[in-house]
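My notes follow in the order I looked things up.

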Amino acid sequence: MGERGTSTTRRELARFLLALGLTSPRAFAQAMDRPERLYDVPPFGDVTLLFSTDLHAQLRPHHFMEPPNLLAPKPLEGRPGYLAGEAMLRYYGIRRGSLEAYVFSSVDFAALAQRFGPMGGGAHIGTLIRRQRAAAGERRTLVLDGGDNWTNSGISLLTKGQVMVDWMNRVGFDHMVFHWEYTLGRPRVEELVKELKAQVVSFNIVDDLFGDPIYEPYRIHEIGGYSLAIIGSTFPYVKVSHPEEFSEGLSFGVREKELQRYVDELRGKGVDAIVLLSHNGVPLDSAIAERVSGIDLILTGHTHDYTPRPARFGNTWLVAGGAAGKAVVRVDLKLRKGGIQEIRQTVLPVASNLIQPDADLVEFVEGAYAPHKAYLDEVLGTAETLIYKRDSTYSTFDELSGRAIQAFYPEVEVAFSPGTRWGTAILPGQPITMDRLLAYTAFTYPEVYVFKLKGERLLAVLEDVAANAFNPDPFYQQGGDMSRVYGLAYDLAVNAPTGQRIRNVAIRGRRLDPNREYVVAAYGGRLQRSGTILEKYTPRPIYDIMAEYIRQLKTVSVPPRPSMRVLDHRYVLPG
C-alpha cells in the first residue's frame with residue numbers, strides 16, 4: 001500500500017473489500033496487504049490482448065453511470081448491445097450490489113458510487129496495463145485502443161489532443177483506430193499520428209480522390225509460434241456524425257466487401273488468427289460477424305457497451321470494451337493453426353481505490369493539469385441531484401443544458417442537445433467543476449446557434465434521428481442516441497415504421513404546428529443548417545453558457561422528468 005496505507009485509507013479499503021465479498025479472514029487479510037491480488041489473472045494460452053476503448057480523454061478518476069435504458073427494435077431485443085439495468089445483471093448473472101454491478105449496470109448507481117469510489121484515470125489505467133502486460137509476458141502481449149481516445153475532455157480541448165498522445169506513448173499502446181479524433185481536424189490528427197508510437201491500422205479510411213488507404217489496413221504479428229493479424233476499422237460514419245470539414249479529402253464507410261477481401265488476403269498468407277480492432281459498435285459488429293467470414297475475434301468500441309463474457313455471432317467471437325476508463329479488458333487466446341482454440345476474457349475494473357498508480361504516471365497527469373488548474377478546478381456550483389448523460393432518449397444533463405440555453409436566450413422555444421454517449425456522472429452533493437462540465441461539453445465545435453425552423457422540418461428531424469437510432473438493421477444505424485429536446489414533448493414508438501415513430505408533438509404545451517416557424521437552439525451538430533440563423537445572436541460555446549447558469553444557481557437540482565414517453569418499451573429512471 002506504500003504511502004497510502006493510512007488508517008483512513010485502510011478503513012475505506014476494508015469497506016471496499018467487504019463489498020466485494022472478501023469476508024474470509026485469510027482472503028481479507030491478503031487483500032488488505034496486497035489489493036493488487038484482485039487483479040491476478042492466471043496465465044493462459046499463447047497471446048494476451050489488453051483492450052481499452054472510448055476513454056474520451058478522461059485522465060482523472062471519475063464516476064460514469066451506464067444507461068438505465070437501451071431501447072431496442074424487436075429484432076435486436078435481448079442481444080448484447082441492448083442490455084441495460086436489471087436486464088444486464090440477469091443476462092450475465094451479476095450479483096446486485098457487487099463491484100461488477102457498479103461497472104456494468106446503472107442499478108443502485110449512486111449508492112454503489114459512494115461505496116466503491118471513482119473509476120479510471122490515466123495514471124490508474126496505465127499502471128494496470130503495464131502490470132498486466134508484465135504478468136502476461138511482454139513479447140506475447142498487444143495493447144490495443146479502440147478509438148475515441150483523444151477528445152472530449154477539458155484537458156484534451158486545451159491541449160488539442162496532445163496530452164492523450166503523450167499519455168499513450170508512456171503507457172505503451174501498440175495499435176489504435178479512430179472516430180472522434182477527427183473532430184480535431186485532419187491536419188491536427190496527422191500531426192499527432194507522427195508523434196504517436198502506436199501504429200494506426202485502418203482498412204476503411206481512404207483518400208477521396210483515388211480510394212487508396214491512408215493507413216495500413218492491418219498488421220501481422222508473430223507470437224509464440226503463431227501469426228496473428230490485427231485489422232483496423234475506424235467508425236464508418238465520421239462524415240455523418242461530425243461536420244465534414246474535419247475530415248476533408250477522406251472517405252470512410254462499412255466497406256463490407258473490402259473487409260472480406262482483406263480477410264481473404266490474410267488467410268491466403270497463412271495467418272492463423274484474425275482480430276478486427278473496431279469502432280463500429282456492438283450492433284453493427286455483431287452483424288458484420290455474421291456476414292464477413294474468416295474473422296476470429298472482434299474487439300469493438302463506440303457504443304460504450306461491455307460484454308462481461310465473450311459473445312458469439314456465427315463463427316466469430318465478439319468482445320466489447322465499455323467506456324470512460326472504467327475497465328481494461330484482458331483477452332487471453334490459445335491459438336491453433338487456422339484459428340482460436342480457446343478464449344478467456346477478464347474485465348479488470350480500474351478501481352482507483354485499489355490500484356496504487358505508478359509515480360511517473362501520477363506525475364505526468366498532475367503535470368498536464370497544472371497549467372490549467374485554475375480554470376478546470378473552478379467550482380461552479382453543487383449538484384443536489386444525480387447528473388448523468390448516457391441513455392437512449394433523455395438525461396438530466398441534457399435537461400440542465402436546455403434550461404441554461406433557455407435562460408440565456410429567453411426567445412428560444414426548443415433547445416436541442418446531441419445524443420452523445422460520453423460524459424461523466426456528478427453525484428448528489430458533489431461540486432460541479434469546470435472540468436466536470438467539460439467532460440460533457442468539450443466539443444471542438446461547441447457553439448450554440450439560434451435559428452428559426454418550421455414545424456414540419458422539426459418533426460422530420462426527430463423522425464430521421466429515430467430512424468437512425470432504432471433501425472432494426474444495424475447496417476443502417478449511424479451512431480448516437482436520440483437527440484435531446486427541451487421545451488418539446490413527444491411520444492416515441494420504437495417499433496413503428498419509419499416516419500411514424502414520433503407522435504403527439506407539443507411545444508410549450510401546444511400541439512406542433514407544421515407551418516409555423518419556431519425559435520430553436522442547438523449545439524454539437526449541424527441542425528442550424530436546416531433553418532434560418534438569427535444573426536442578432538452571436539454563437540457562444542455551450543460550456544460558457546452552462547457555466548454562467550450554474551454559477552448563478554449555485555445549487556443544481558434536476559430530478560429526472562422526461563418530456564417524452566416511450567409507448568412500446570418499459571422506460572426506467574435511475575434511482
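Entry 1: I began with Asp377, which is partly exposed at 29% relative accessibility. My cut-offs: buried is under 20% relative accessible area, exposed is over 50%, and partly exposed lies in between (1.4 Å probe, protein chains only). Before going on, I noted that this is a predicted model, where local features need pLDDT of at least 70, side-chain atom pairs count only at pLDDT 80 or more, and totals for chains, interfaces and linings use all residues. Residues are numbered from 1 along each chain as its sequence is written, and side-chain values use heavy atoms, with hydrogens and water left out.

Which side chain meets Asp377 in a salt bridge? I found Arg60, at 2.8 Å from N to O. A salt bridge here is a side-chain nitrogen of Lys or Arg within 4 Å of a carboxyl oxygen of Asp or Glu. The two partners are 317 residues apart and link distant parts of the chain. Asp377 sits in the loop between helix 14 (373-376) and strand 15 (379-383). Arg60 is in the loop between strand 1 (47-52) and helix 3 (85-92). I numbered helices and strands from the N terminus, as DSSP runs (helices are H or I, at least four residues; strands are E, at least two). Arg60 is partly exposed too, at 24% relative accessibility.

Entry 2: I looked up Arg96 next. It forms a salt bridge with Glu86, and their closest N and O atoms are 2.7 Å apart. Arg96 lies in the loop between helix 3 and helix 4 (99-104), while Glu86 is in helix 3, 10 residues apart. Arg96 is partly exposed at 47%. Glu86 is partly exposed at 33%.

Then I took Asp296, which pairs with Arg267 at 2.6 Å between the closest N and O atoms. The pair is 29 residues apart: Asp296 is in the loop between helix 12 (282-291) and strand 10 (297-300), and Arg267 is in helix 11 (residues 256-268). Is Asp296 buried or exposed? It counts as buried, at 10% relative accessibility. Arg267 is partly exposed, at 27%. I also traced a network: salt bridges that share partners join Arg60, Lys373, Asp377 and Asp435. The whole structure holds 34 salt bridges.

**Entry 3: Asp272.** Asp272 lies in the loop between helix 11 and strand 9 (273-278). It is buried, with a relative accessible area of 5%. I listed what it touches, not counting residues up to four places away in sequence; among them are Tyr226, Arg267, Asp296 and Arg336. Contact means heavy atoms within 4.5 Å. Arg267 and Asp296, the salt-bridge pair from my last entry, are both in that set.

**Entry 4: helix 16.** How many of the eight residues of helix 16 (residues 434-441) are buried? I counted seven, so the helix is largely enclosed by the rest of the structure. Asp435 is one of the buried residues there, and it also belongs to the network with Arg60. Others include Met434, Leu437 and Tyr440.

**Entry 5: Glu195.** Glu195 is in helix 9 (residues 186-195). It is partly exposed, at 39%. Leaving aside neighbours within four places in sequence, I found Glu195 in contact with Gln162, Val165, Asp166 and Asn169.

Entry 6: His302 has phi near 90 degrees, a positive value in a residue other than glycine. His304 has a positive phi as well, near 65 degrees. His302 is buried at 6%. His304 is buried at 3%.

**Entry 7: the whole protein.** I stepped back last. The protein comes to 18 helices and 27 strands. Its radius of gyration is 23 Å, close to the 25 Å that the globule rule gives for 575 residues, so it is as compact as a globular protein of that length. That radius is taken over C-alpha atoms, and the rule is 2.2 Å times the number of residues to the power 0.38. The C-alpha trace spans about 70 × 60 × 45 Å along its principal axes. Buried residues make up 61% of the 575.
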